[in-house]
Amino acid sequence: MTRVALLLLTALSALAQQNDIPKSFTAPVAASDYIKREVMIPMRDGVKLHTVVVLPKAAKDAPILLTRTPYNASKRTARNDSPHMLAILPQGDEVFVADGYIRVFQDVRGKYKSEGDYLMTRPVRGSLNPTSTDHVTDAYDTIDWLVKNTPESNGRVGMIGSSYEGFTVVMALLGPHPALKVAAPESPMVDGWMGDDWFHYGAFRQTNFDYTMQQTTQKDAGDPVPRDAYDDYDAYRRFVSAGAYARAHGLQQLPWAEKMMEHAAYDAFWQGQALDKLVAARPAAVPTMWIQGLWDQEDMWGAIHCYLALKARGQADHNFLVMGPWRHSQVNYDANNLGPLKWEGDTALQFRRDVLKPFFDQYLKTPSHPAGTPPVFIYNTGENHWDRLQNWPLACENGCAAPMKPLYLQSDFGLAFDKPGAPAVPADSYISDPAKPVPYIARPVRFSDGDRWRTWLVADQRHAADRTDVLVYQTSVLTAPVRVSGAPAADLFAATSGTDSDWVVKLIDVFPDEVPSQPEMGGYQLAISMDIFRGRYRDSFEHPSAIPAGKLLRYRFALPTTNHVFLPGHRIMVQIQSTWFPLYDRNPQTYVPNIFFARPEDYKQATQTIFRSGSQASAVWLPVVP
């Protein structure tokens, strides 16, 4: 072989062995203004939890801000690929990052890079959790490790988080580490049966099948339930019950889906996880700001009920309430508007900058400075401004300065504060047909449409108003403002020809026919407060019972909290219906032990009758204040 041939062969051999992808690549960090540490923090049972610590390079005596998440700690600390700490962390953190906070995210046990087993909502240690660990101990052990192993910190920790991340904040408050100095649960999941996430007063929220698939089919993010129809109204209606839908899509393989269907009533499984009751039984001394949106489409129950439960226990001096004009978790994003509703500036930024950040600084910074935090900071959605209040609610049934005031259903579908007498026709009726349920938004319905899902609570209710299976009552045009500040209550005197029934009640602000400054709002029917109640639970949430067919019964239940002014020129409207599909599963209107497993023959039309006279005068009780 010639020398030239040998050189050529050697060159070809070297070329064949080359790989343009190196075994590893390390990005330069010299230009970064932060340090990122990924650590595995050991818990008391030996399980290690993946934790990402992000701190300014110049950090010294800095406070720590902790979030425990099932949504990927690595991703939560990588909003952008940037050398700047302000850019890589979530938008809601910007006010803290700009002031030198150390930011920590941790994967809860069993998710993403953390060890251990994942339970959707791991109960506290006790009858529902016989192990030695829960979110209480995991938060305690995490904080203990952080203050001992983060020399750049001042040893003071605050916790914050929204939704599931808010749930983990509440859990930490049940046995707080001494270094936990302040907390802010935002839209926390607190009672999944009463009014957060899984059910509302016993009616099942079918979107949770998607969430269950995404959270529990694998450690990382999974996919939602596959669809075979563009319109979810059709996709769900093809299956007679929520249980049939779940089984057809394989959800019986997922323990959490089976638990939800097994525990259809408010039994010990749900009662033992009701965090508003637990925080009241074990109140913490940690200053806490309870935060939620007035139109939170996912977790409407948690924050307000924890605040009220602690207030009833004499804990109001260090528990604060914030309610903004927001959807779920919008507190951490831009909030100049919600759907078509326009606010006076970016209400979320105003809150984070002017209220939340000073509140955390007071307890985490040294030296500290009083923040002047108002006991209640709540947006007035009719007059479009923030209210700083000393107490909440302003009007309620017991113990408030202003009593509740009934707004009665009237003849000819009127609505007024005057109690009706004995009209010739004392009731109104409609036929509820499970085969043709009322959609919760105008069709087509697509749960995957994030924009519509985030704003469905402020969607125009005219899509339902003209249906024959929806009763609509409204006042005459208002000549003076009506302010409601608290939780309205539905008070129905009703009968059904079936032996079970759902009742949906909506309190609505009807805009004038013309709104020159925003023409698309002309005649808009804006829901201020609305919810669903499953009739089988009228006497007991734990022990359901059949409804006597044709018998007049009283159904009374609270609607979500509001702080709204119905302005002159507007009308107040109430809508009543018995289906809200496909967000909520259909009631067969025949009593069965478990609606998840109702059979096709159980689903029947029912005549629903709402009474409105004398001692049987249906009303919506409003928390009216001057």
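Student: In this predicted model, what is the handedness of the disulfide formed by Cys396 and Cys400?

Tutor: In this predicted model, Cys396 and Cys400 form a disulfide, with their sulfur atoms 1.9 Å apart, and a pair of cysteine sulfur atoms counts as a disulfide within 2.5 Å. The torsion about the S-S bond of Cys396 and Cys400 is about 95°, so the disulfide is right-handed.

Student: Which of the classes buried, partly exposed or exposed does Cys400 belong to?

Tutor: The cut-offs are under 20% relative accessible area for buried and over 50% for exposed, with partly exposed in between. Its disulfide partner Cys396 has a relative accessible area of 15% and is therefore buried. Cys400, at 22% relative accessibility, counts as partly exposed.

Student: Why is Cys306 too far from the closest cysteine sulfur for a bond, and how many Å lie between them?

Tutor: Cys306 is buried, with a relative accessible area of 0%. The closest cysteine sulfur to that of Cys306 is in Cys396, and a disulfide needs the two sulfur atoms within 2.5 Å. The distance is too far for a bond because it comes to 18 Å.

Student: Which element gives the most residues to the lining of the second largest pocket?

Tutor: The second largest pocket has a volume of about 720 Å³ and is lined by 32 residues, with His305, Leu308, Ala487, Ala558 and Leu559 lying nearest its centre. The elements that give two or more residues to this lining are helix H13 (302-312), strand E15 (395-396) and strand E25 (553-558). With 6 residues, the element that gives the most is H13.

Student: How many residues in the lining of the second largest pocket are nonpolar?

Tutor: The lining of the second largest pocket includes 7 polar and 4 charged residues. The remaining class in that division, the nonpolar residues, has a count of 21.

Student: What is the bridge partner of Val484 in E31?

Tutor: Strand E21 (residues 482-486) and E31 pair in the antiparallel sense over 2 bridges. In E31, the bridge partner of Val484 is Val624.

Student: Which residue of E14 is the bridge partner of Phe377?

Tutor: Strand E10 (residues 319-324) runs parallel to E13, joined to E13 by 3 bridges, and Phe377 is the bridge partner of Val322. Strand E14 (residues 385-389) runs antiparallel to E13, and 5 bridges join the two. In E14, the bridge partner of Phe377 is Arg388.

Student: Is Asp81 buried or exposed?

Tutor: Asp81 has its place in the loop between helix H2 (73-76) and helix H3 (85-88). The cut-off for exposed is over 50% relative accessible area. Asp81 has 84% relative accessibility, so it counts as exposed.

How values were computed: Residues are numbered from 1 along each chain as its sequence is written. This is a predicted model: local features need pLDDT of at least 70, side-chain atom pairs count only at pLDDT 80 or more; totals for chains, interfaces and linings use all residues. Side-chain values use heavy atoms; hydrogens and water are left out. On a 1 Å grid over the protein atoms alone, a cavity is a set of points where a 1.4 Å probe fits but cannot get out, and a pocket is an open set with protein on both sides within 12 Å along at least five of seven lines; lining residues have an atom within 4 Å of a point. Grid points are joined across faces, edges and corners, and a volume is the space filled by probe spheres set on the points. Helices (H or I, at least four residues) and strands (E, at least two) are DSSP runs, numbered from the N terminus. Ala, Val, Leu, Ile, Met, Phe, Trp, Tyr, Cys and Pro count as nonpolar, Asp, Glu, Lys and Arg as charged, and the others, Gly among them, as polar. Two strands pair if DSSP finds at least two bridges between them. Buried means under 20% relative accessible area, exposed over 50%, partly exposed in between (1.4 Å probe, protein chains only).
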